[in-house]
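These are my notebook entries on a protein model. I set down each item in the order in which I looked it up.

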Amino acid sequence: GSSISTNSSSTSKVTTVKLSNYFTKRDQDASYDESKATKISLSGSSAKASSSGAEVSGSTVTITKAGTYILSGSSENVQIIVKVKKKDKVQLVLNGVRMTGTDAAIVVENADKTFITLAKGSKNTISDSAHHKNTKYDAAIYSKDDLTFNGSGSLTVEGNYGNAIESNDDLRISGGTYTIKGYKNALSANDAINIKAATMNLTATYDAIHADNDKNTSLGNFYIHSGKITIHAGDDGIHASNTAFIDGGTIKVEKSEEALEGKTVTINGGDLDLTANDDGINVADGSSSEKTPGQATAGVSLTITGGKIKINAQGDGLDSNGDLTISGGEVYVDGPTNGGNGALDYDGNGTITGGTVVMVGSNGMAMGFGSNSKQASILANVSGSAGDKVTITDSSGKEILSYTAAKNFQSVLASSAAIKDGESYTITVNGQSTTATASLTIQNGNGMGGGPGVR
């Protein structure tokens, strides 16, 4: 569980997060004593081990004792199985390994926790085949227990049967450079996926990052502290069945159906560039079957307190089936070009109290922020094309905001600290100007629903 305390000061990071809730000291410590470690050298369809803690039988290496094991060499169909006591920890150091095979290359059957450390300067590659004999272990690296990756080397993983890397418990990554391709998901865990200080390029047919737990609704969480992630996903870029918490880092979703999805999504920092065929950020309770359209789902929320977020979505830009709150950060949305979706969509309360927002999109479903807002916005029917610059000026002609649209639009929603309730602003696109009055409540641009605002 994560403890989050909110400061009353108006710093950009409203929420302070304890890193120790997401990573232990050991998760972040990639050191090892080579002189005390067991060496496992891979060669062809077999391996040699320097001590009895690693038992070699044919193509199977079984690790039976807690400790550090350094792996090197190339193998075909060698499987490393970690099977130690329930309270034991194992560190596998990958120091220049190339493992290919029909089934999973590394399997953790029993351990308290397994650390996979990428040795400094090392390049490592692991892949399985599309034809697993053991279909239970449906990943190239498969763990029944907690699994942590750290170190400063590089690792390429290809999961050709199912997921590339899978943990039945927590999956933590606190360093290293990764290229990961999953036939299903790239990274998959039942309890949590926590990332810091890693560089990752993820490709998946389904979700690039998949944290999902259908038995325990408090699990299925995603957290990122720092690092750089690039994503190409056939389905969700990042999917959490419970909470997705973005505290920092750079995330670029270049292809997805929905770029970021969770029951609650909190963005506290970082730099996000999200491209989606459907919704950019979608918050919904996947476990609740009946969804009454337009009615808010309890416990579902999207909260933005900081960071820089850029969204290009064919569906809704920001979509909350519950509440939506923006108190800081920068949010830029190129929303849908079809009228059945909007740049902004929420079913509960949509509140803005701080931050900078510019959203362009179609006007059929255009929404603004609701009555609890403390920062004023403007919403107007203004049309433009891809590449057009939207400029917002105050009554004295001073420019307050500008944004260059990535695609055609008919509606503009904007809010910033400089936009004051009841004052008049001019939105200019291609020499065409529209005047709008700022308000704390603007439900939509067609003057229906909530409030004053658009003439």
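**Entry 1. Cavities**

How many cavities of 30 Å³ or more does the count come to? I found one cavity of 30 Å³ or more. The model is a predicted one, in which local features need pLDDT of at least 70 and side-chain atom pairs count only at pLDDT 80 or more, while totals for chains, interfaces and linings use all residues. Residues are numbered from 1 along each chain as its sequence is written, and side-chain values use heavy atoms, with hydrogens and water left out.

I took a cavity to be a set of points on a 1 Å grid over the protein atoms alone where a 1.4 Å probe fits but cannot get out; lining residues have an atom within 4 Å of a point. Grid points are joined across faces, edges and corners, and the volume is the space filled by probe spheres set on the points. On that basis the largest cavity holds about 70 Å³ of space.

I then listed the lining of the largest cavity, which includes Ala343, Leu344, Met359, Val360, Leu379, Val412 and Leu413. By class, the lining has nine nonpolar residues, three polar and no charged. Here Ala, Val, Leu, Ile, Met, Phe, Trp, Tyr, Cys and Pro count as nonpolar, Asp, Glu, Lys and Arg as charged, and the others, Gly among them, as polar. Two strands, β39 (356-361) and β43 (409-415), each supply at least two residues of this lining. Strands are DSSP runs of E with at least two residues, numbered from the N terminus.

**Entry 2. Positive phi**

I next looked up backbone angles. Most residues other than glycine have a negative phi. Asn77 is not a glycine, yet its phi is positive, at about 65°. I located Asn77 in the loop between β7 (67-76) and β8 (79-83). Asn77 counts as partly exposed because its relative accessibility is 36%; buried means under 20% relative accessible area, exposed over 50%, and partly exposed in between (1.4 Å probe, protein chains only).

Ala197 also has a positive phi, near 55°. I found Ala197 in the loop between β20 (192-195) and β21 (198-204). With 43% relative accessibility, Ala197 is partly exposed.

**Entry 3. Salt bridges**

How many salt bridges does a search of the whole structure find? The search returned seven, a salt bridge being a side-chain nitrogen of Lys or Arg within 4 Å of a carboxyl oxygen of Asp or Glu.

I began with Asp27 and Lys113, whose closest N and O atoms are 2.8 Å apart. This pair links distant parts of the chain, as Asp27 is in the loop between β2 (15-17) and β3 (38-44) and Lys113 is in β11 (residues 113-118), 86 residues apart. Is Asp27 buried or exposed? Asp27 counts as buried because its relative accessibility is 0%. Lys113 is buried too, with a relative accessible area of 8%.

Arg172 and Asp170 form another salt bridge, at 3.3 Å from N to O. I noted that Arg172 and Asp170 are both buried. Asp27, Lys113, Asp170 and Arg172 are linked in a network of salt bridges.

I also recorded the salt bridge between Glu109 and Lys83, with the closest N and O atoms 3.5 Å apart. This pair, too, links distant parts of the chain, from Glu109 in β10 (residues 106-110) to Lys83 in β8, 26 residues apart. Lys83 is partly exposed, at a relative accessible area of 47%.

**Entry 4. Strand pairing**

I followed an open sheet of four strands in the order β42-β41-β44-β45, with antiparallel pairing; two strands pair if DSSP finds at least two bridges between them. The edge strands, each pairing on one side only, are β42 (399-404) and β45 (432-437). Within the sheet, β41 (residues 389-393) and β44 (residues 424-429) pair over four bridges. Thr393 stands opposite Thr426 in β44.

Elsewhere, I found β9 (residues 89-100) and β12 (residues 123-127) running parallel, joined by three bridges. Which residue of β12 is the bridge partner of Met99? That partner is Ile126. Strand β12 also pairs with β15 (residues 154-159) in the parallel sense, over five bridges. In β15, Ile126 has Val157 as its bridge partner.

Conventions:
On a 1 Å grid over the protein atoms alone, a cavity is a set of points where a 1.4 Å probe fits but cannot get out, and a pocket is an open set with protein on both sides within 12 Å along at least five of seven lines; lining residues have an atom within 4 Å of a point.
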